[in-house]
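Visitor: I would like to go through a model with you. Could you show it first?
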Amino acid sequence: MALGATNSQIGLLSSLNTLAAASGLIPGARLAERAASRKRVAALSGGVIGRALLLVLAVLPFIFHSPTIIYFVVAATALRSFFSQVGYPAWSTLVADLVPERIRGRYFASRNIGLALAAMAFTPVAGWIIERGGGVRGYQIGLLLAGLIGFVGTAVFLKIKEPERAEPPRVERSERLSLRSVITDHRQFAIFSAIALVWNLALMVAGPFFSVYLVRTLGATPMQIGILAAVNGIGNITGQRIWGKLNDRRGARWVMGFTGMLIPLIPIIWSAAPNPWWLIPVEILSGFAWAGYGLANFNLLLTLTPPTQRERYIALYQTVVFGAAFVGPLMGAGLANSLGIRPLLWLSAAGRFIASGAFLLTMRAKSTARA
């Protein structure tokens with residue numbers, strides 16, 4: 001927006017980022033299987049190329065001007081999404097070997113809290129830097145600092161001692177995944193994936209335009225956006241602790257169903273807010289609800305996937321999610337131009353309610369039983 005992007009270009013940016021991310025998963029998985037060092041694959045893709053592309057974004061305004069620069073920004077951010085997912089399979093299998101199974105739950109909960117704390121501390125700082133720098137120049141400074149600090153993180157990551165990895169299982173041709181076998185043999189997983197398609201389509205129809213609405217309609221400054229991100233982190237940290245216990249006591253289906261009815265309220269309240277400061281309690285609620293939804297969604301996904309083919313079923317589920325995230329912003333861009341962003345928020349809320357209602361009506365409670 002600071003460079004003069006339109007609603008359609010913002011929707012294109014979001015869709016191409018998702019498409020690029022989805023395109024990186026399969027080559028990344030093959031690279032992780034064949035490479036001698038998963039650590040180097042992860043470090044080179046997201047840790048070096050991804051951080052270098054932040055520096056590229058920082059210097060683009062010195063080379064190009066509006067409207068041409070918009071398409072170079074879209075291309076650079078799509079490339080960054082691609083390389084982040086190329087390294088993801090290598091990172092995920094590496095961390096699985098690094099962290100003992102008995103402490104993975106506590107480790108990832110602590111990691112999520114650490115991420116939220118970092119966001120709470122540094123997003124407002126980034127907003128302050130952008131305001132002090134003034135417009136595009138402020139964003140350039142922020143991107144430059146992000147890239148340089150990211151390189152420090154990559155250097156620390158390379159200090160990790162990589163463990164020996166187990167031989168990956170060989171998949172027989174007869175065992176390969178087919179849509180028919182998914183529907184007939186794992187009906188609950190198929191229903192879960194179909195609901196995820198509706199849910200993520202409803203999310204991403206409006207997802208890229210919350211910031212547009214915040215800036216253009218409510219008049220938010222970069223500092224205010226940073227503060228809202230920080231308070232969202234407060235809700236997330238609180239939610240990680242509460243929902244984790246409830247997930248163990250009442251099951252992932254209960255947590256996902258409850259938070260799935262809270263989350264649709266968020267765009268409705270956004271549409272009624274008179275100014276950015278009114279969104280502070282809404283963002284606390286958002287962080288709190290999404291912490292539970294994400295935790296329960298992941299646990300339920302593990303429950304519904306067969307252990308012998310879990311990687312492929314999870315990949316199929318992610319493909320469904322990425323597909324919805326690709327189509328949603330393209331639809332949302334057209335609707336935002338014709339209807340406006342406020343009606344788009346209401347449409348997103350309706351789609352979320354429909355998906356949550358379908359989840360409660362179709363997903364059996366016994367599917368969420370703990371091991």
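Predicted model: local features only at pLDDT ≥ 70, side-chain atom pairs only at ≥ 80, totals over all residues.

Visitor: What share of the chain is buried?
Guide: Of the 371 residues, 41% are buried. Buried means under 20% relative accessible area, exposed means over 50%, and partly exposed lies in between, using a 1.4 Å probe and protein chains only.

Visitor: And the contacts, what share links residues 24 or more positions apart?
Guide: Such pairs account for 86% of the contacts with a separation of 6 or more. Contact means heavy atoms within 4.5 Å.

Visitor: Turning to helix 8 and helix 15, at what angle do they pack?
Guide: Helix 8 (residues 187–206) and helix 15 (residues 341–362) pack at about 165°, with their axes 7 Å apart. That makes helix 8 roughly antiparallel to helix 15. Angles over 145 degrees count as roughly antiparallel, under 35 as roughly parallel, 65 to 115 as roughly perpendicular, and the rest as oblique. The axes are lines fitted to C-alpha atoms over the stretch in contact, and angles run from 0 to 180 degrees between N-to-C directions.

Visitor: Which residues meet there?
Guide: Among them are Ile 191, Phe 192, Trp 199 and Leu 203 in helix 8, and Leu 344, Gly 351, Arg 352 and Phe 359 in helix 15. The residues of this contact divide into 15 nonpolar, 5 polar and 1 charged. Here Ala, Val, Leu, Ile, Met, Phe, Trp, Tyr, Cys and Pro count as nonpolar, Asp, Glu, Lys and Arg as charged, and the others, Gly among them, as polar.

Visitor: New topic: how many salt bridges does the count give?
Guide: The count comes to 1 salt bridge, defined as a side-chain nitrogen of Lys or Arg within 4 Å of a carboxyl oxygen of Asp or Glu. Arg 38 pairs with Glu 162, their closest N and O atoms being 3.6 Å apart.

Visitor: Where do those partners sit?
Guide: Arg 38 is in helix 2 (residues 38–63) and Glu 162 is in the loop between helix 6 (135–157) and helix 7 (179–185), 124 residues apart.

Visitor: Is each one buried or partly exposed?
Guide: Arg 38 counts as buried because its relative accessibility is 2%. Glu 162, at 24%, is partly exposed.

Visitor: What about Lys 39, which residues does it touch?
Guide: Lys 39 also lies in helix 2 and is buried, with a relative accessible area of 13%. Leaving aside neighbours within four places in sequence, Lys 39 is in contact with Leu 94, Phe 157, Leu 158, Ile 160 and Glu 162.

Visitor: And where is Gly 219?
Guide: Gly 219 lies in the loop between helix 9 (210–217) and helix 10 (222–250). At 48% relative accessibility, Gly 219 counts as partly exposed. Beyond four places in sequence, Gly 219 is in contact with Leu 214, Gln 224 and Pro 276.

Note on methods: Residues numbered from 1 in each chain as written. Heavy atoms only, no water. Helix = DSSP H or I, 4+ residues; strand = E, 2+ residues; numbered from the N terminus.
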